[in-house]
Each structure stands twice: as structure tokens, then as C-alpha cells.
Amino acid sequence: MALLAVLAGLCALFAGQTTAHAHAPATAGAPEGERARAAVVVTYDASRSAEFADEVRQGAEVWNESVQNVQLQPVSAGQRADVTVIADNGWPRAIVSGLGRGTVYMGRIAVNQGYDEIRIAAHEFGHILGLPDRKPGPCSSLMSGSTGGVSCTNPYPNAQERAEVERNFGSQYEALRHQRFDRVFVDRP
Ligand SMILES: [Zn+2]
């Protein structure tokens with residue numbers, strides 16, 4: 001019976017994550033005091049990300065593995081996404097209209113210069129999740145962006161970056177969720 005209850009709970013968790021801003025039970029692992037009652041689901045639409053669709057998905061998965069309080073999920077057909085991802089010929093950049101809301105551009109200039117595509121995607125999602133640039137910085141920092149070096153392929157946020165996102169979608173979420181941002185981050189080396 002206990003096993004059935006656990007399975008039912010897991011089904012509920014995955015069902016909950018398919019809807020925009022649906023709430024799923026929080027999983028263990030977030031720092032004490034930063035554990036939200038439920039993970040916030042931020043949906044993204046990668047249908048305009050062209051050749052970067054797979055890297056965008058992997059960049060989202062990096063965040064899903066790294067934090068507990070928010071999860072990035074592909075938007076369901078017919079639903080309006082919180083985040084739109086677009087491939088274009090400019091610099092990678094993020095226009096953030098609110099916490100977990102905005103537009104990401106997978107700019108081909110940086111890709112053509114050799115910067116890692118998954119790191120770019122994860123970095124731009126970092127802006128969407130409320131992080132600023134931390135430049136210059138080492139490759140171990142996701143938000144150091146291009147200053148981590150063209151050879152840097154690390155797509156993972158460091159402990160400080162993870163903690164900040166956990167706070168944004170944990171203890172600070174009620175204060176931040178309805179705020180309108182007007183932030184533009186252009187990731188030009
Ligand atoms: Zn940036």
C-alpha cells in the first residue's frame with residue numbers, strides 16, 4: 001500500500017509539471033529555509049530556436065538538475081509559454097520582463113566565434129531565472145558568460161548562482177512573482 005501511495009504521488013508530480021505555473025511537490029535537497037512548498041514551473045517555447053533546439057533543451061535540463069524550486073519545461077501545444085527562445089544572427093541576449101518571463105536569443109555571432117551552445121542557453125536561462133551577469137569571472141561561474149573563455153564548456157551554475165535562483169523561487173518568490181522587470185542583457189564578449 002505504501003508503494004502505491006508513492007507511485008500515485010509521483011504521477012501527480014509529473015502531471016503537475018506539464019501545465020504553466022502548475023505546482024508540483026518540492027523535492028528534498030533545497031537548502032533549509034529555501035525549500036518552497038512547491039516547484040514553480042516555467043514553460044519555454046523553443047520552436048523558433050532553429051538549429052539550437054537541442055542545446056536549448058539541454059540548457060533547461062541543466063537548471064532542472066541544479067535547482068529544486070523552479071523547473072523549466074517545454075510548453076504544451078496551444079499554450080502560451082513564459083519564455084520564448086529565438087535563434088538570430090545577433091549576440092546572445094535575454095530580455096527579461098519578469099521573474100521567469102521573457103525572450104532569449106540564441107545569437108549566432110557568439111556561436112560562430114566558438115562559444116559553447118549549451119553554456120549560452122543555460123546562461124540566458126539564468127537571466128530569465130533572475131540572475132545578473134557576473135563578468136569578468138571564471139569558467140566555473142555560469143553567469144561569467146564569455147569571460148569564462150571561448151574554450152569554456154561548463155553549462156552548470158555554481159553554488160552561489162544555484163542558491164540565488166533557489167531564493168528567487170523560494171523565500172523571495174511571493175515578493176518577486178508579480179514584479180515587472182525591464183532588463184536587457186546583451187552577451188557581447
Ligand atoms: Zn549574460
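**Strand pairing**

I looked up E4 and E6 first: they pair in the parallel sense over 6 bridges. Strands count as paired if DSSP finds at least two bridges between them. Helices (H or I, at least four residues) and strands (E, at least two) are DSSP runs, numbered from the N terminus. The model is a predicted one, so I kept its rules in view: local features need pLDDT of at least 70, side-chain atom pairs count only at pLDDT 80 or more, and totals for chains, interfaces and linings use all residues. Residues are numbered from 1 along each chain as its sequence is written.

Which residue of E6 is the bridge partner of Ile86? I found Tyr105. Ile86 in E4 also stands opposite Arg48. E2 and E4 run parallel and are joined by 3 bridges.

**Whole chain**

I noted 6 helices and 7 strands. Along the sequence the pattern reads α-β-β-α-β-β-β-β-α-α-α-α-β. Of the 189 residues, 38% count as buried. My cut-offs are these: buried means 20 or more other C-beta atoms within 10 Å of the residue's own, exposed means 12 or fewer, and partly exposed lies in between, with C-beta atoms placed from the backbone. I then looked at contacts, meaning C-beta atoms, placed from the backbone, within 7 Å. Among contacts between residues at least 6 apart in sequence, 61% join residues at least 24 apart.

**Confidence**

pLDDT is the predictor's confidence in each residue, from 0 to 100. I read a chain mean of 88, with 80% of residues at 70 or more. Residues 6–20 stay under 50, and the model has 19 contacts for them beyond four places in sequence. Residues 22–28 also stay under 50, with 22 such contacts.

**Core**

I took a nonpolar core as a set of buried Ala, Val, Leu, Ile, Met, Phe, Trp, Tyr and Cys residues joined through C-beta atoms within 7 Å. The largest has 37 residues, and those with the most contacts inside it are Tyr44, Trp63, Val70, Val104, Met106, Ala121 and Phe125. E2, H2, E3, E4, E5 (93–98), E6 and H4 each give two or more residues to this core.

I checked Val104, which lies in strand E6. Val104 counts as buried because it has 29 C-beta neighbours inside 10 Å. Leaving out residues up to four places away in sequence, Val104 touches Val83, Val85, Ala94, Glu124, Phe125 and Ile128. Val104 and Ala94 are 10 residues apart in sequence, and their C-alpha atoms are 4.5 Å apart.

Next I checked Trp63. With the neighbours up to four places away left out, Trp63 touches Leu72, Ala122, Phe125 and Leu129.

**Helix H2**

The expected span of a helix is 1.5 Å times one less than its number of residues. H2 (residues 53–66) has 14 residues and should span 20 Å; its end C-alpha atoms are 20 Å apart, which agrees. I listed its buried residues as Glu55, Val56, Gly59, Ala60, Val62 and Trp63. Why are they on the same side of H2? They cover an arc of only 145° around the axis. The arc is that of the directions from the helix axis to the C-beta atoms. What covers these buried residues includes E2 (38–48), E3 (70–74), E4 (83–88), E6 (101–107) and H4 (117–128).

**Helix H4**

H4 has 12 residues and reaches 17 Å from first C-alpha to last, close to the 16 Å expected. I found 12 of the 12 buried, so H4 is largely enclosed by the rest of the structure. Among them are Glu117, Arg119, His123 and His127. Gly130 follows H4 with a positive phi, near 105°.

**Helix H5**

In H5 (residues 159–168) I found Glu161, Val165, Glu166 and Asn168 buried. They fall within an arc of 160° seen down the axis, so they line one face of the helix. Ala159 and Gln160, on the other side of H5, are exposed. The cover over the buried residues includes E3, H4 and H6 (173–176).

Most residues other than glycine have a negative phi, and most peptide bonds are trans. I noted two departures. Ala50 has a positive phi, near 50°. Ala50 lies in the loop between E2 and H2. Ala50 counts as partly exposed because it has 14 C-beta neighbours inside 10 Å. The bond joining Lys135 and Pro136 is cis, with omega about -5°. Pro136 sits in the loop between H4 and H5.

Methods
Contact = placed C-beta atoms within 7 Å.
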